[in-house]
Structure formats: C-alpha cells, structure tokens
Amino acid sequence: MSEAGFEPPYLHPDYKSTILRAPQAELLRLPQEWFHWTPGPAFGRVPVASGDADLTRQHRGEPLGERIVVTGRVLDSDARPLPHALVEVWQANAAGRYVDPGDDHPAPLDANFTGAGRCLTDSDGRYSFVSIKPGAYPWGNHTNAWRPAHIHFSLFGPELGSRLVTQMYFPGDPLLSFDPILQSIPDQRGRNLLVAAFDWETTKPNWALGYRWDMVLRGRNATPREA
C-alpha cells in the first residue's frame with residue numbers, strides 16, 4: 001500500500017461522481033473463504049501479441065496526431081522488477097474522443113485509432129507502448145470542465161484479485177492543477193507520481209516523443225490509484 005495522503009478518498013465532492021458511488025455506511029470485512037482466488041497470470045482466450053502494444057498499427061492507415069512512446073518499469077517497494085505482468089492501456093484520440101457510444105464529445109473519431117493496447121512486462125519489469133498523444137476533452141463535472149491529457153493504465157499482478165487501475169498524465173499540462181480527479185490526491189508528491197517525465201532516450205528522432213513512467217506497487221513511492 002502507498003503512504004498516507006497518496007490515495008484519493010472514496011468521497012471527494014469536487015469530483016461529482018464520487019458523491020454517487022462513495023460508500024455511505026461503514027465498510028464490512030468479508031471472510032476470506034468468500035473469495036475465489038484464481039492464480040494468474042490469466043489474460044483470457046487470446047494470448048498477448050507483440051503488436052498489441054503499438055496502438056498506431058492496429059488499422060490499415062496511420063492515426064492522426066502526435067506519435068509518442070511511453071515506457072517504464074513495474075517495481076515493488078524494494079525497487080525489484082515485476083516480470084510477466086499484464087499492462088493494459090486505453091485513451092482518447094488526438095481530438096480528445098474515445099471510441100465509446102457513450103462519448104458524445106463533438107470531436108472527430110479517427111477510423112485508424114481504437115485507443116486500447118496491452119503488453120507483458122519483460123524480465124526487467126519493463127513495458128513499452130507506441131501511441132498518439134491524447135487530447136483534452138470536456139466532461140461536465142462543473143462549469144467549463146476539461147480533463148487534461150491522460151492515459152488509463154491497468155496492471156494485473158500474480159492473480160486476478162491484485163489489480164492497479166490508475167492514470168498517467170503529461171508534464172507541463174496547464175489543466176493539471178484544475179483537474180478534480182488528480183487533485184483528489186491530498187499530497188502533492190502523490191500527484192507528481194502520476195505525471196510522466198519527458199525522456200530523450202525514448203524519443204525517436206524525426207518520429208516520436210518519448211515519455212518515461214514507472215509504476216510502483218507498494219511503499220512510500222507507490223503509484224496512487226485513480227479511476
């Protein structure tokens with residue numbers, strides 16, 4: 001678990017959805033025997049392929065937008081790598097729209113961009129994705145509300161009950177300080193852990209900008225969870 005002040009509370013009124021879903025009664029601890037612990041990794045019927053990590057090569061043409069490479073490591077509290085973990089991502093396109101019937105943002109869809117990918121960490125705990133930098137989008141939480149550019153991450157551990165769902169943000173985004181979801185994390189250092197670093201070593205000359213973002217599972221530098 002992460003250090004106190006890093007995890008967002010269940011109820012954060014500035015983020016209106018939490019008012020509807022935050023528990024209203026005291027939490028109950030369920031007996032362990034009620035749970036079915038399925039050993040992992042279990043990734044469904046379709047095996048993870050190397051091409052799943054390149055979101056720009058999933059269709060006949062190239063998607064519109066700024067190409068990016070996002071890479072990093074999955075680590076435990078002692079900085080030991082977590083190999084063979086399933087990392088999944090999903091995001092909006094360059095115009096700030098998701099391929100989702102529920103997304104009514106009047107921005108164009110991109111026929112060559114679905115916005116979802118996955119990969120397995122290597123023996124050093126490293127993952128890597130090629131994608132398009134997502135655009136900001138309005139979300140109706142309050143007057144003139146805009147979400148900063150972000151990528152959703154899901155990380156599965158050694159069994160299906162161990163899952164981290166969070167978001168990665170981009171450095172220098174002016175919307176970060178106005179975002180109630182990110183600002184629900186009480187400690188500034190915890191918020192900083194969700195912002196990727198621009199990385200020259202990952203940047204591909206004349207092709208794509210690189211970003212580095214590590215996920216830490218436990219300890220004082222643990223990655224905060226975000227919905």
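**Note on the predicted model**

1. The model is predicted, and the remarks below should be read with that in mind. Of the 227 residues of the protein, 41% count as buried. The accessible surface comes to about 13,000 Å², of which carbon and sulfur atoms supply 57%.

2. The protein has three helices and eleven strands. Read from the N terminus, the order of elements is α-β-β-β-β-β-β-β-β-α-α-β-β-β. Among contacts with a separation of 6 or more, 71% join residues 24 or more positions apart.

3. In soluble globular proteins, nonpolar side chains tend to be buried together. Here the largest nonpolar core has 31 residues, and those with the most contacts inside it are Val87, Tyr127, Phe129 and Phe153. Two or more residues are given to this core by each of strands E1 (67–75), E2 (86–90), E4 (126–132), E7 (150–156) and E8 (163–169), and by helix H2 (180–183).

4. Five of the seven residues of E4 are buried, so that the strand is mostly covered. E4 pairs with E1 in the antiparallel sense over seven bridges. Within this pairing, Thr71 stands opposite Ser128 of E4.

5. Side chains of opposite charge can pair when their charged atoms come close. The count of salt bridges in the model comes to eight. One of them joins Asp124 to Arg73, with the closest N and O atoms 2.9 Å apart. Because Asp124 lies in the loop between strand E3 (116–120) and E4, and Arg73 in strand E1, this pair ties together parts that are 51 residues apart in sequence. Asp124 is partly exposed, its relative accessible area being 34%.

6. Which residue meets Arg147 in a salt bridge? The partner is Asp179, at 2.9 Å from N to O. The two residues belong to distant parts of the chain, 32 residues apart: Arg147 is in strand E6 (residues 146–147) and Asp179 is in the loop between E8 and H2. Arg147 counts as buried because its relative accessibility is 2%, below the 20% cut-off. Asp179 is likewise buried, with a relative accessible area of 0%.

7. Arg212 and Asp199 form a further salt bridge, in which the closest N and O atoms are 3.4 Å apart. Arg212 lies in strand E10 (residues 209–212) and Asp199 in the loop between strand E9 (197–198) and E10, so this pair ties together parts that are 13 residues apart in sequence.

8. Leu11 is found in the segment before helix H1 (17–21). With a relative accessibility of 45%, Leu11 counts as partly exposed, since that class lies between the 20% limit for buried and the 50% limit for exposed residues.

Note on methods: Residues numbered from 1 in each chain as written. Predicted model: local features only at pLDDT ≥ 70, side-chain atom pairs only at ≥ 80, totals over all residues. Heavy atoms only, no water. Helix = DSSP H or I, 4+ residues; strand = E, 2+ residues; numbered from the N terminus. Buried < 20%, exposed > 50% of the residue type's maximum accessible area, 1.4 Å probe, protein only. Contact = heavy atoms within 4.5 Å. Areas by Shrake-Rupley, 256 points an atom, 1.4 Å probe, with all protein chains shown as cover. Core = buried A, V, L, I, M, F, W, Y, C linked by side-chain atoms within 4.5 Å. Salt bridge = Lys/Arg side-chain N within 4 Å of Asp/Glu carboxyl O. Pairing = 2+ DSSP bridges.
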